[in-house]
Amino acid sequence: MNVYDSHRMASMLKDMGFIETDAQEDADVVIFNTCHIREKAAEKVFSDLGRAYLIKQERQNKGLDTVIGVTGCVVQAEDKEIIKRAPYVDFALGPLRYYRLKEVVEEIFNNREAKLLDTEFSAVSKFDFLPENKAEGGCSYLAIQEGCNNFCTYCVVPYTRGVEVSRPIKEVLEEAKRLVKTGSLELNLLGQNVNSYHGEDENGKERNLAYLLNKIAEIDGLERIRYTTSYPADVDDDLIECHKNLKKLMPYLHLPIQSGSDDVLKRMNRRHTKDEYLRVVEKLKEANPDIGMSSDFIVGFPGETDKDFRDTLDVVNKVKYIQAFSFKYSRRPGTPASIMDNQIEEKVKKERLQELQDLLFDYQLKFNQQSVGKVMPVLFESKGRHEGQLAGRSPYMQNVYAEADNSLVNKIVQVRIKRASTNSLKGEVI
Ligand code: 5AD
Ligand code: SF4
């Protein structure tokens with residue numbers, strides 16, 4: 001979601017006449033779009049800001065002005081902290097307020113004494129104010145839903161992104177068509193809880209994600225659809241049908257379980273048990289036997305016993321994820337879990353994370369190895385690590401590298417897979 005928001009901010013600044021640069025020393029405006037999900041991400045902001053301040057001072061010595069802004073969830077959660085620890089920040093906008101970027105940047109340039117902070121949880125939707133966006137490449141994100149009502153006890157999202165809001169069907173379809181028209185072959189529909197999407201159609205009737213997926217699949221020129229991130233208890237039968245019937249829907253689903261222990265899931269305030277989750281996966285696999293699953297896991301949640309942790313490993317052995325993200329529980333201020341008894345010590349969290357990741361990587365490597373010899377459609381997105389090489393994605397979100405001409409960027413090309421490692425595949429364009 002932050003990548004999507006950052007693109008939208010960049011496109012607003014481009015509309016104002018700014019040019020993007022990779023070199024911070026050259027930038028008149030620097031914006032940090034921040035994440036608050038775990039402590040490490042949130043702390044990184046302050047070290048990045050410290051570096052930006054040094055660059056600002058160096059530029060000042062050369063007579064150049066620099067505006068420093070912070071956006072995203074750290075602003076929402078730590079607005080006072082930012083001003084205290086980084087008083088040189090010119091403006092700070094919460095994740096629902098960055099649609100004001102143009103006006104804010106203009107105001108700061110007009111009055112260099114001004115400081116602007118805006119973390120309103122407004123009734124207006126930022127999407128009503130954002131200028132039209134275009135595709136940045138063959139693969140685009142499209143936010144269809146934002147915020148979350150689930151209140152998992154470890155998670156800051158409901159406090160930083162607010163309550164769940166779905167964008168209306170018409171608005172999403174217009175953006176989807178525009179992205180396809182300007183070059184996107186793949187759309188990844190985004191939301192913190194994307195499968196509880198319930199946007200209104202033109203008659204004011206609420207429609208689910210399956211309805212939207214069917215509509216989006218009708219767009220000519222669009223080849224691939226994905227959606228992320230889903231909540232297990234909100235996977236309905238209509239959505240499962242989509243995995244059976246919609247050829248454009250990729251055979252890959254990120255469906256976080258977080259923990260395999262029913263006790264832990266309960267204390268996490270998740271609305272599903274281990275068996276309910278496994279049943280959803282089973283139904284998805286019945287609908288499309290080729291589907292590859294991915295998940296998020298948290299280890300070391302308060303009170304997690306060794307038996308609880310074994311239940312998590314058991315889920316991994318049953319689902320055989322083709323990819324996954326796993327994290328040590330991070331205590332987030334203001335969340336219910338942060339004041340629970342029996343916080344787990346760092347050493348135990350570290351050991352459990354290592355064991356879980358070893359197992360996850362084993363399955364990921366096995367899956368990648370099974371790809372060797374197969375021919376798959378790869379959507380090339382950028383230059384690869386080596387000269388003459390391009391990097392792209394398989395239908396299963398695997399990173400694929402192949403020798404190929406630059407003219408194949410943003411195209412879907414058949415590639416024969418020759419080699420596999422845990423994180424990527426190497427292939428040959430055929
Ligand atoms: N500690 C560790 N991981 C977390 N996540 C969310 N909150 C926390 C936390 N406090 C993870 C969850 C979620 C992913 C985006 O981040 O696994 O699915
Ligand atoms: Fe956070 Fe996801 Fe739970 Fe919502 S469903 S509270 S975003 S972990």
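A residue is called buried under 20% relative accessible area, exposed over 50% and partly exposed in between, with a 1.4 Å probe and protein chains only. By that scale Asn 410, at 30% relative accessibility, is partly exposed. This is a predicted model, in which local features need pLDDT of at least 70 and side-chain atom pairs count only at pLDDT 80 or more, while totals for chains, interfaces and linings use all residues. Residues are numbered from 1 along each chain as its sequence is written, chains are lettered from A and ligands numbered from 1 in the order in which they are written, and side-chain values use heavy atoms, with hydrogens and water left out.

**Helix packing**

- Two packed helices are described by the angle between their axes and the distance between the axes. Axes are lines fitted to C-alpha atoms, for helices over the stretch in contact, and angles run from 0 to 180 degrees between N-to-C directions.
- Helices (H or I, at least four residues) and strands (E, at least two) are DSSP runs, numbered from the N terminus.
- Helix 2 (residues 39-61) packs against helix 3 (residues 73-85) at an angle of about 35°, and their axes are 12 Å apart. From helix 2, Ala 42, Glu 43, Val 45 and Phe 46 make the contact, and from helix 3, Val 74, Glu 78, Glu 81, Ile 82 and Arg 85. Contact means heavy atoms within 4.5 Å.
- The residues joining helix 2 to helix 3 comprise five nonpolar, no polar and four charged. In this scheme Ala, Val, Leu, Ile, Met, Phe, Trp, Tyr, Cys and Pro count as nonpolar, Asp, Glu, Lys and Arg as charged, and the others, Gly among them, as polar.
- The axes of helix 6 (residues 169-181) and helix 7 (residues 209-217) come within 10 Å of each other and cross at roughly 35°. Helix 6 contributes Ile 169, Val 172, Leu 173 and Ala 176, which meet Tyr 211, Leu 212, Lys 215 and Ile 216 of helix 7. The contact of helix 6 with helix 7 has seven nonpolar residues, no polar residues and one charged residue.
- The crossing of helix 6 and helix 7 is right-handed, and the crossing of helix 2 and helix 3 is right-handed. A crossing is right-handed if the near helix is turned clockwise from the far one by less than a right angle, and left-handed if anticlockwise.

- The structure holds zero disulfides, a disulfide being a pair of cysteine sulfur atoms within 2.5 Å.
- Cys 73 counts as buried, at 8% relative accessibility.

**Backbone exceptions**

- Most residues other than glycine have a negative phi, and most peptide bonds are trans.
- A cis peptide bond, with omega about 5°, joins Thr 228 and Thr 229. Thr 229 is placed in the loop between strand 9 (224-228) and helix 8 (237-245).
- Lys 320, although not a glycine, has a positive phi of about 55°. Lys 320 lies in the loop between helix 11 (306-319) and strand 12 (323-328), and is partly exposed at 47% relative accessibility.
- Asn 410, also not a glycine, has a positive phi near 70°. The loop that holds Asn 410 runs between strand 15 (399-403) and strand 16 (412-420).

**Selected residues**

- Glu 20 is in the loop between helix 1 (2-15) and strand 1 (29-34), and at 56% relative accessibility Glu 20 is exposed. Leaving aside residues up to four places away in sequence, Glu 20 touches Ala 10 and Lys 14.
- Arg 279 is in helix 10 (residues 274-287) and is partly exposed, with a relative accessible area of 38%. Its C-alpha atom is separated by 9.9 Å from that of Pro 232, 47 residues apart along the chain.
- Ile 344 is in the loop between strand 12 and helix 12 (346-370) and is buried, with a relative accessible area of 16%. Residues up to four places away in sequence aside, Ile 344 touches Gly 300, Phe 301, Pro 302, Gly 303, Glu 304 and Lys 349.
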